[in-house]
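Me: I've got a structure open and I'd like to talk through its pockets and charged pairs. Could you go over it with me?

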Amino acid sequence: METGTILVTGANGQIGTVLTAELRRRYGASAVLSTDIRQAGSNNILFEELDVLDKERLSALIAKYEVRQIYHLAAILSAKGEQNPKWAWEINMAGLFNILEAAKDHGLRVFFPSSIAVFGGMTPRVNTPQYAVLQPETVYGISKVAGENWCQYYHQKYGVDVRSVRYPGIIGYESLPGGGTTDYAVEIFHYAVKGQTYECFLEPDSRLPMMYMPDAIRATLELMEAPPEAVKIRSSYNLAGTNFTPAEIAREIQKHIPGFAVTYKPDFRQQIAASWPESIDDGYAREHWGWEPRYGLAEITADMLEHLREYYAASVS
Ligand code: AKB
């Protein structure tokens, strides 16, 4: 597929780090321009600093690198957003507007990550359907609902080829999450491998939808590479991998590390988690563009522990 240059915003974040590397593996290092407000990370071969609120710089980079696609990953997540709601709203919304306007002006394909955070306490929590009540209880969730609607609007009014999924919590070993409610499911593995007790900020039975990073990257690329007529939902697709509770993931880790201990000290993030679904019905993604997850809790746990053991062994030697 002819992609031109692909620009990634938020490329140094949890998903951006891994997605950028995979895009470079597929399309070539010089075909992917990584951008972030932070300095270049380790895999940033072709990197430019970019604040997504800086519309002029965004336009200049699109022209300079002949950009054809944007993966717009820069955003403030659920927990961090609650510390400073107006700032989170500004970054999440004004940033998206800049991307959608640029896409309209330059005819770009856009990926917009939405989230299970679009749902709230009025939504059915089990097998949450695609078309459900969207009354989120965080500024992050409100910005994602608005963002989904703006994506659909730009598609319908201006023909912008924008595509989106509602990510569950993402678990991976290559990068760390920052500021989310599902972050515990990554942190817990690091503590386990380091032989430390983990203090979990959610209750033991707080079930949430989760997905392993390779599944998340594959879903993103499968959606972006699907023929336009297959992408029938232009707000955002429900997407499911697996789901589990802190107690279940702790038990799964203990199968590999029997002495691993978890204590529980729920904080404000428990209330956010309680407003989100336990599991997701992703029937439309399966039907429209063939989505199928590959990793369950057992596979995620074994793979995470293997890679993190290698990582920590290499960092001490
Ligand atoms: C968060 O916890 O805020 C994110 C998400 C589910 O969108 N990981």
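Predicted model: local features only at pLDDT ≥ 70, side-chain atom pairs only at ≥ 80, totals over all residues.

Me: Let's start with the pockets, then. What volume does the largest pocket have?

Reply: The largest pocket has a volume of about 910 Å³, and its lining is made up of 42 residues, of which Leu 73, Ala 75, Ile 76, Leu 77 and Gly 178 lie nearest the centre.

Me: Which elements give two or more residues to that lining?

Reply: They are helix 1 (14-27), strand 2 (32-36), helix 3 (78-83), helix 4 (85-106), strand 5 (109-115), helix 5 (139-158) and strand 7 (169-171). By class, the lining of the largest pocket divides into 21 nonpolar, 15 polar and six charged residues.

Me: And where does the largest pocket lie relative to the domains?

Reply: The largest pocket lies between domain 1 (5-168 + 213-238) and domain 2 (171-208 + 241-316), because both of them give residues to its lining.

Me: OK, what about the second largest pocket, how much space lies in there?

Reply: About 150 Å³ of space lies in the second largest pocket, and the residues that line it include Val 18, Glu 22, Arg 26, Tyr 173, Met 213 and Leu 221. Helix 1 and helix 7 (213-225) are the elements that give two or more residues to this lining, with helix 7 providing the largest share, five residues.

Me: How does that lining split by class?

Reply: The lining of the second largest pocket has seven nonpolar and four charged residues, and no polar ones.

Me: Switching to charges: how many salt bridges does the structure hold?

Reply: The structure holds 18 salt bridges. In one of them, the side chains of Arg 25 and Glu 22 meet at 2.8 Å, N to O, and because these residues are three apart in helix 1, about one helical turn separates them.

Me: Is Arg 25 buried or exposed, and what about Glu 22?

Reply: Arg 25 counts as exposed, at 62% relative accessibility, whereas Glu 22 is buried, with a relative accessible area of 16%. Both residues also belong to a network of salt bridges that links Glu 22, Arg 25, Arg 26 and Glu 225.

Me: Which residue does Arg 166 meet in a salt bridge?

Reply: The side chain of Arg 166 meets that of Glu 148 in a salt bridge, at 2.8 Å, N to O. This pair links distant parts of the chain, with Arg 166 in strand 6 (residues 161-167) and Glu 148 in helix 5, 18 residues apart. Arg 166 counts as buried at 3% relative accessibility, and Glu 148 counts as buried at 2%.

Me: And Asp 267 with Arg 269, what's the N to O value there?

Reply: The side chains of Asp 267 and Arg 269 meet in a salt bridge at 2.6 Å, N to O. Asp 267 counts as partly exposed, at 28% relative accessibility, while Arg 269 counts as buried, at 19%, since the cut-off for buried is under 20%.

Me: Last topic: which residues of helix 2 are buried?

Reply: In helix 2 (residues 55-65), the buried residues are Leu 58, Leu 61, Ile 62 and Tyr 65. Seen down the helix axis, these buried residues fall within an arc of 100°, so they line one face of helix 2.

Me: What does the face turned away from the buried side carry?

Reply: That face of helix 2 carries the exposed residues Glu 56, Ala 63 and Lys 64.

Technical notes: Residues numbered from 1 in each chain as written. Heavy atoms only, no water. 1 Å grid on protein atoms, 1.4 Å probe; cavity = no way out; pocket = protein on both sides within 12 Å on 5 of 7 lines; lining within 4 Å. Points joined across faces, edges and corners; volume = space filled by probe spheres on them. Helix = DSSP H or I, 4+ residues; strand = E, 2+ residues; numbered from the N terminus. Nonpolar A, V, L, I, M, F, W, Y, C, P; charged D, E, K, R; others polar. Domains from an automatic or database assignment. Salt bridge = Lys/Arg side-chain N within 4 Å of Asp/Glu carboxyl O. Buried < 20%, exposed > 50% of the residue type's maximum accessible area, 1.4 Å probe, protein only. Arc of directions from axis to C-beta.
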